[in-house]
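I opened the model to look up its cavities, its sheet and its domains. My notes follow.

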Amino acid sequence: MPEKNDHQHLVGQVSRSPKYAQLADTLVSRITADEATKHKSSKEIIRSVRTRLHQLTGAYLAPKIDYTQWLVKFQSLDPNDRQGLESTSLGMMRLHASTYERIEVLPTFFQTSLTSISPVKSVLDLACGLNPLSIPWMLLADDFTYYASDVVSPLVYFLWRYFDLFGIHGNASILDLSFSIPSQPVQLALLMKTLPLMEQIERGLSQKVLESLNAEHILVTYPLRSLGGRKKGMEETYRAQFDQLIAGRDWEIQEFRFPNEVAYLVTK
Ligand SMILES: C[S@@+](CC[C@H](N)C(=O)[O-])C[C@H]1O[C@@H](n2cnc3c(N)ncnc32)[C@H](O)[C@@H]1O
């Protein structure tokens, strides 16, 4: 029998719940190793690992999403039915808090923040959630390529099939940004509402991600409301964090303010 605090044993215990078994292994392993240094009993370790993993992932998603049923809805759309595509996409985007909060401004969000670099030919959407469903609202070139990734595997498998259905070039993959930072060259990387989570995983990780990406432009956004809907001085906090990230760089920055989100288009 393994020791109570044996790493693999703890990871196995965390993943006994299907909700955590569906997350990227590297993230579960890393958070488990982290929490094992803070608590003595395996029960406490497992509880705090699950809490942290929930805060990073499940807290944003509606419980029990029937991805197959959503795929069927997209499959049954007439290829020329733009209105049907938009309303089905918006319906599904409501299931992830980050896209839900953006729905109201979606018609202008990307138009405003990406005008200066449109039409965009290649996109790397990191920690994407359901944001790839916004593709019809983005200013993309006719032959665009889109690489999307997240740590929640059923969501990624859904996107993979969605890309296949609509003939989107690129892919959807499971990628833990705290484990590996993609290096492929793209015109635009999206880091939407993601950097605060990276800092929760490891201090200084946002800086590393921002520096390492091989993207001509990076759209970095921050939420202006917490999941509970309160404002709590988030704007000042995140502005200070972002200012620190870009301090001493000769990057060009454009800022766009929306009711629930602030966006910075960084040009390296
Ligand atoms: C605040 S949401 C933002 C979603 C999307 N970018 C948007 O703005 O609509 C954060 C997303 O990051 C994902 N995530 C959490 N930890 C991650 C990690 N280490 N690597 C990649 N994605 C991660 C979550 O599953 C979630 O979908």
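I began with the lining of the second largest cavity: four nonpolar residues, one polar and four charged. For these classes I counted Ala, Val, Leu, Ile, Met, Phe, Trp, Tyr, Cys and Pro as nonpolar, Asp, Glu, Lys and Arg as charged, and the others, Gly among them, as polar. The lining residues are Glu101, Arg102, Glu104, Val105, Phe109, Phe258, Pro259, Asn260 and Glu261. I read a volume of about 60 Å³ for this second largest cavity. A cavity here is a set of points, on a 1 Å grid over the protein atoms alone, where a 1.4 Å probe fits but cannot get out; a pocket is an open set with protein on both sides within 12 Å along at least five of seven lines; lining residues have an atom within 4 Å of a point. Grid points are joined across faces, edges and corners, and a volume is the space filled by probe spheres set on the points.

I noted the ground rules next. This is a predicted model, in which local features need pLDDT of at least 70 and side-chain atom pairs count only at pLDDT 80 or more, while totals for chains, interfaces and linings use all residues. Residues are numbered from 1 along each chain as its sequence is written, and side-chain values use heavy atoms, with hydrogens and water left out.

I went back to the cavities. The structure holds two of 30 Å³ or more. The largest cavity has about 390 Å³ of space. It is lined by 30 residues, and Leu56, Ala127, Cys128, Asp150 and Leu197 are the closest to its centre. Helix H7 (97-100), S2 and helix H10 (195-201) each give two or more residues to this lining. H10 gives the most, with three. I took helices (H or I, at least four residues) and strands (E, at least two) as DSSP runs, numbered from the N terminus. By class, the lining of the largest cavity has 17 nonpolar, eight polar and five charged residues.

The largest pocket came next. I found about 460 Å³ of space in it. Its lining has 24 residues, and the closest to the pocket centre are Leu85, Ile135, Pro136, Phe144 and Phe166. Helix H5 (67-75), helix H6 (82-93), S2 and helix H9 (153-165) give two or more residues each. Which element gives the most to this lining? S2 does, with five residues. The pocket lining divides into 15 nonpolar, four polar and five charged residues.

Then I traced the sheet. It is open, has seven strands in the order S3-S2-S1-S4-S5-S7-S6, and its pairing is mixed. Two strands pair if DSSP finds at least two bridges between them. The edge strands are S3 (169-174) and S6, each pairing on one side only. From one strand to the next, the twist averages 15°. Axes are lines fitted to C-alpha atoms, for helices over the stretch in contact, and angles run from 0 to 180 degrees between N-to-C directions.

I checked two strand pairs. S1 (residues 120-125) and S2 (residues 140-150) are parallel, with five bridges. Val123 has Tyr146 of S2 as its bridge partner. S6 (residues 252-257) and S7 (residues 261-267) run antiparallel and are joined by six bridges. A hairpin of three residues links S6 to S7. Arg257 is bridged to Val262 in S7.

Two helices on the sheet went into my notes. H8 (residues 106-114) lies across S4 (186-192), S5 (215-223), S6 and S7, at about 135° to S5. H12 (residues 234-246) packs on the sheet and touches S5, S6 and S7, its direction making about 155° with that of S5. Contact means heavy atoms within 4.5 Å.

The assignment gives domain 1 (7-56) and domain 2 (93-267). Such bounds come from an automatic or database domain assignment. The two centres, taken over C-alpha atoms, are separated by 26 Å. At the boundary, 10 residues of domain 1 are in contact with 12 residues of domain 2.

Last, I checked the backbone. The peptide bond from Ser118 to Pro119 is cis, with omega near 0°. Pro119 is in the loop between H8 and S1. Lys64 is not a glycine, yet has a positive phi of about 50°. I placed Lys64 in the loop between helix H4 (42-56) and H5.
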